[in-house]
Amino acid sequence: WIVGDGDPSLTREEIAAWPSRLREAGIERITGDVVGDDRAFTEPQWGEGWMWDDLYGGWSAGVTGLQLAPNTVRAWVVPGPRLGDSTGLVYRDRGPRLPIVNRALTGPPGSDVRLQFVPPPAGGPVELRGWVPLGPDSTSLFLATPHATLYVLDWMRLLFAESGISVGGEFRRAREAEAPGRETWTYDEVSAPFSEVLGDMLKPSDNQMAESILRSVARAEGRPGAPAEGLDVVSSTLADWGIEPGAVELSDGSGLSRYNEVTPAALARWLA
């Protein structure tokens, strides 16, 4: 069981050490499943009012109780040798591949890049459509993973295979009423302190961290880790600071939502 607590600063380097820690504990075979427990936060992953066609951009990565920082992937779209040819999707770093079907084509030289992610109506992998101009230059992509927890589990599948730890079951999310069995060995990965996370959130403006902090604010007050619960805590805090209800209407923790509204007077009072 990999039990997340909503940490938005868990890195690939940290989880890469987990197979070695298992081996040091004498564990080389897992007969059952590898379970990712992300129930510290409740769904949905995204904020209310986010644009559906932004959800595949790295700035709109969803958050769960078990996630990597960043929950994003860098890639290139490489044009083909001739106009109208298929393009290549090349990942910049090692790691699990995303469920993306590349249908982008090679466009006229000097044309604008026209790319769009289109989820198929019947479900399944998202399609990358459009074109990139013919020529020697590739187009850089900043991608969000489709599901933060499943991406962690994809990484664990890769890391276990590389380290020779066999898994007899599947890699999956925890189910609603499910609980771990008797513990025989545990290891805690301690997050960065809130002061560091807050600094990383503000510069370079990390939306995933902001959404995680909103949900963690609710949990710190003994509430479920849900966006609405966190927003209620924020509203109560603003009221204590003399900002009346209705002067600030928030729908998420990052500011991506088009539903967020703040009056100039409320902003001035908050800064004061």
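**Close-up views of a predicted model**

View 1. Phe 117 counts as buried, at 12% relative accessibility (buried means under 20% relative accessible area, exposed over 50%, partly exposed in between, with a 1.4 Å probe and protein chains only). This is a predicted model: local features need pLDDT of at least 70, side-chain atom pairs count only at pLDDT 80 or more, and totals for chains, interfaces and linings use all residues. Residues are numbered from 1 along each chain as its sequence is written, and side-chain values use heavy atoms, with hydrogens and water left out. The whole structure holds two aromatic pairs (rings of Phe, Tyr and Trp, the last by its six-membered ring, pair if their centres lie within 6.5 Å; planes under 30 degrees apart count as stacked, over 60 as edge-to-face and the rest as tilted). Tyr 56 and Phe 117 form a tilted pair, 5.8 Å centre to centre, with 35 degrees between the planes. Tyr 56 sits in the loop between β3 (34-37) and β4, while Phe 117 is in strand β8 (residues 114-118), 61 residues apart (helices, H or I, at least four residues, and strands, E, at least two, are DSSP runs numbered from the N terminus).

**View 2. The pair of Phe 160 and Phe 171.** The ring centres of Phe 160 and Phe 171 are 6.2 Å apart and their planes are at 50 degrees, so this pair is tilted. Phe 160 belongs to helix α3 and Phe 171 to strand β12 (residues 171-173), 11 residues apart. Both Phe 160 and Phe 171 are buried.

**View 3. Thr 72 and its contacts.** Thr 72 is found in strand β4 (residues 72-78). Thr 72 is buried, with a relative accessible area of 10%. Neighbours within four places in sequence aside, Thr 72 is in contact with Arg 12, Gly 58, Ala 61, Phe 142, Leu 143 and Thr 145 (contact means heavy atoms within 4.5 Å).

**View 4. The largest pocket.** The largest pocket has a volume of about 1400 Å³. A pocket is an open set of points on a 1 Å grid over the protein atoms alone, where a 1.4 Å probe fits, with protein on both sides within 12 Å along at least five of seven lines; lining residues have an atom within 4 Å of a point. Its volume is the space filled by probe spheres set on the points, which are joined across faces, edges and corners. The largest pocket is lined by 42 residues, and Trp 1, Ile 2, Val 3, Tyr 187 and Asp 188 lie nearest its centre. Helix α5 gives the most to this lining, with five residues.
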